Amino acid sequence: MNDGNRAVFELNHLSFSYPGNQPVLKDISFSIQAGERVCILGANGCGKSTLLKILAGLLSPQEGKFRAFHHAVTRKDWNDDAFSCKYHRKVGFIFQNSDVQLFCSTVRDEIAFGLLQQKTEPEQIKSRIRDISALLDIGSLLEKAPFKLSGGEKKKVALASVLVMNPDVLILDEPTNGLDPRTQVWLVRLLNSLCKAGKTLITSTHNLELVSKISSRGILFSEDHKIAADSSVSDLIQDIDLLKAVNLVDEDYGTENKI
Ligand SMILES: Nc1ncnc2c1ncn2[C@@H]1O[C@H](COP(=O)(O)OP(=O)(O)O)[C@@H](O)[C@H]1O
Ligand SMILES: [Mg+2]
């Protein structure tokens, strides 16, 4: 038996460019096992969001191999509605900016949207909305318009619309960005409890304080869009020279000149 048997994602020499632009991911290889808590780390513009969108099935790489759940995913797969539907049920993606994710006229419709697409029975939809609203404490928001909510409330609704599908893999781009401190703590606890329940958790951040709270493994990107390190978070955050080299901390980090 090889350890690839629990692999959720396997990337081999993968590269990606936006049309007409230079590559923003270069020769990326790693695999992620079921149940892991992995954080993609790197300075702004290094390619974190792009990578997460590839894992979430929203972008396709031009070069290299991308396997998900032991299946070699090709561009053709995304034209197959059954494949796409199954994939998006297994892999939930939370955008950095919740406004891109919320488009229905009420929170209730927003949470029901994916379930309706999957042709879930109306009674099931009702009970799932009830359960997820209780878990995220958003019962009082159900009849409100998402665009009128605060940033923290929008994030909860975006999470609810994904968690209600009960995905195996959760991908969150810069999960705590723009959230107030109390909501940040709430979210970190929620993510860790989901991980304890067996979910695979993949996040991105350039915030070093957050990384050890939500992940045990870090994949660090350099500004030239390559993997600079892939190791335990505890080792990564101590390698100050490396963090400086990839522009995640400033020159004075770790010295008494630190501001
Ligand atoms: N839709 C797009 N079209 C063209 N370039 C893009 C697009 N989205 C992102 N980029 C560029 O790709 C690079 C990587 O972006 P991104 O993956 O968002 O990085 P990060 O999340 O690490 O900040 C950046 O230079 C960014 O400007
Ligand atoms: Mg980003």
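This is a predicted model: local features need pLDDT of at least 70, side-chain atom pairs count only at pLDDT 80 or more; totals for chains, interfaces and linings use all residues.
Trainee: In which helix is Ile 54 found?

Mentor: Residues are numbered from 1 along each chain as its sequence is written, whereas chains are lettered from A and ligands numbered from 1 in the order in which they are written. Helices (H or I, at least four residues) and strands (E, at least two) are DSSP runs, numbered from the N terminus. On that basis, Ile 54 belongs to helix α1.

Trainee: Is Ile 54 buried or exposed?

Mentor: A residue is buried under 20% relative accessible area, exposed over 50% and partly exposed in between, with a 1.4 Å probe and protein chains only. The relative accessible area of Ile 54 is 0%, so Ile 54 is buried.

Trainee: Which helix gives the largest share of the shell around ligand 1?

Mentor: A residue is near the ligand if one of its heavy atoms lies within 4 Å of it, and the residues around ligand 1 include Tyr 18, Asn 21, Lys 48, Ser 49 and Thr 50. The largest share of this shell, 3 residues, comes from residues 48-55, that is, from helix α1.

Trainee: How far is an oxygen atom of ligand 1 from an N or O atom in the side chain of Thr 50?

Mentor: A polar contact is a pair of N or O atoms within 3.5 Å; within protein, one must be able to donate a hydrogen and the other to accept it, and residues adjacent in sequence count only if both atoms are side-chain atoms. For the side chain of Thr 50, the distance to an oxygen atom of ligand 1 is 2.5 Å.

Trainee: What share of the area that ligand 1 exposes when taken alone does the protein bury?

Mentor: Accessible areas come from the Shrake-Rupley method with a 1.4 Å probe, and for residues only the protein chains shown count as cover. Taken alone, ligand 1 exposes 560 Å², and the share buried by the protein is 57%.

Trainee: How many aromatic pairs does a search of the whole structure find?

Mentor: Rings of Phe, Tyr and Trp (its six-membered ring) pair if their centres lie within 6.5 Å, and planes under 30 degrees apart count as stacked, over 60 as edge-to-face and the rest as tilted. Applied to the whole structure, the search gives a count of aromatic pairs that comes to 9.

Trainee: Why is the pair of Trp 78 and Tyr 87 called edge-to-face, and at what angle are the planes?

Mentor: The ring centres of Trp 78 and Tyr 87 are 4.9 Å apart, and both residues count as buried, Trp 78 at 18% relative accessibility and Tyr 87 at 3%. The pair is edge-to-face because the planes are at 85°.

Trainee: Which residue has its charged end over the ring of Phe 69?

Mentor: A charge sits over a ring if NZ of Lys or CZ of Arg is within 6 Å of the ring centre and within 35 degrees of the ring normal. Phe 69 is part of one aromatic cluster with Phe 9, Phe 66, Trp 78, Phe 83 and Tyr 87. The charged end over the ring of Phe 69, 4.2 Å from its centre, is that of Lys 90.

Technical notes
Side-chain values use heavy atoms; hydrogens and water are left out.
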